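I opened a notebook on this model to record what I looked up. The entries follow in the order I made them.

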Amino acid sequence: MKLRLGLMPAVLAMAMGIALSGCGDGGGKVILRMAQASAQDGAIGKSMDAFAKDVYEKSNGRLKVETFHNGQLGSERENIESVQMGDLDMAVVNQSVMVNFEPTIAVFDLPYTIHSTEHADKVFLGDIGKEYLQKLERVRLHGFAIWESGFRNLTNSKRPINTVDDVKGLRIRVMENKIHQDLWAALGADPVPMSWSDAYTGLQQGAIDGQENPATVIDKNNVIEVNKNMAMTEHVYSTVFIIFSQKVWNRLTDEDRGILNECMDRANVSERELSRKMDKEAVLSLAARGMKVTYPDKKPFIERTQEVRDRYSQNFKEMARRIAALDEE
């Protein structure tokens, strides 16, 4: 199973001779390091590498983005803190981890807040997405972009999920995020907060029955070896925030910032296209390898999780209203 490989704190990585953040080589060149905790062969990893190639070509080799995957430079939280300090230039971090630094991002963890990829694009590529990137300035981060991770679906080893009642009693690994825990409790499951790096062992040993993730993550991490049932619940739409060190961003020239912005504008579109293509391919791949894929009616799931939306949206009622309104346009 491909989970985080060789976690290594950023400080240790730097001590081993990796280029310092935003450091020139004496010839006018700038090397920027960009890290993530997930696999290189997912849509996000591939898009990071494509972005780096685009930046290098657009700048005629003057700007070089070095990409690090699989948690090589630390956990997501460690990456955020390194970016804040200016020890790391860029990081790609799940929205649920970013909540620890900007609590209002939690609105996107509310179940069934985003209803389609079209709705997602209106939210994250429009004014709301820009506002959230700007909010990060107050925690010493330059919000660079928001990419797609995808709609999360449920897998388990016990039974196919054909109705919401089939979820009852399942022990589901969830992120260490209170909204996600309450979401599954509302559906009758027993949510078990657990790091992703421990999830596969937990599934193997029967400590948990299932987990939930986008189809590409389920496919790339060989979850099929321990879970044979996948329900297309699409209960939460997950994103990753691309954050840039304020210190490093401010040191770059206007020309360099322009190149990086131009390349990221292209990546914002291409990453989403790749994510959606790979998601469809992942579902087909899993089914071909023996995964029982079901499509339960989502309406009862939406109804039973209304209490979760009601409870948590007290903190951001107006934003929840604005997000919902975009789905009606």
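Helices (H or I, at least four residues) and strands (E, at least two) are DSSP runs, numbered from the N terminus. The model is predicted, so I took local features only at pLDDT of at least 70 and side-chain atom pairs only at pLDDT 80 or more, while totals for chains, interfaces and linings use all residues. Residues are numbered from 1 along each chain as its sequence is written, and side-chain values use heavy atoms, with hydrogens and water left out.

**Entry: second largest pocket.** I looked up what lines this pocket. A pocket here is an open set of points on a 1 Å grid over the protein atoms alone, where a 1.4 Å probe fits, with protein on both sides within 12 Å along at least five of seven lines; lining residues have an atom within 4 Å of a point. Strand 5 gives the largest share of the lining, five residues. Helix 6, strand 5 and helix 11 (254–288) each supply at least two. The lining has 17 residues, and Lys 130, Leu 133, Phe 144, Ala 145 and Asn 268 lie nearest the centre of the pocket. I read its volume, the space filled by probe spheres set on the points, as about 310 Å³.

**Entry: Ile 242.** I found Ile 242 in strand 10 (residues 237–245). Ile 242 counts as buried because its relative accessibility is 0%; buried means under 20% relative accessible area (1.4 Å probe, protein chains only). Phe 144 is 98 residues from Ile 242 in sequence, yet their C-alpha atoms are 5.4 Å apart. I also listed contacts (heavy atoms within 4.5 Å). Leaving out residues up to four places away in sequence, Ile 242 touches Phe 144, Ala 145, Trp 147 and Met 264, among others.

**Entry: helix 6 and helix 14.** I checked how helix 6 (residues 127–135) packs on helix 14 (residues 317–326): the angle is about 145° and the axes are 11 Å apart. Axes are lines fitted to C-alpha atoms over the stretch in contact, and angles run from 0 to 180 degrees between N-to-C directions. Ile 128, Glu 131 and Tyr 132 of helix 6 meet Met 319, Arg 322, Ile 323 and Leu 326 of helix 14.

**Entry: helix 7.** Which residues of helix 7 (residues 178–186) are buried? I noted Ile 179, His 180, Gln 181, Asp 182, Leu 183 and Trp 184. These buried residues pack against several elements, including strand 5 (141–156) and helix 13 (306–312). After helix 7 comes Gly 188, with a positive phi near 95°.

Conventions:
Buried < 20%, exposed > 50% of the residue type's maximum accessible area, 1.4 Å probe, protein only.
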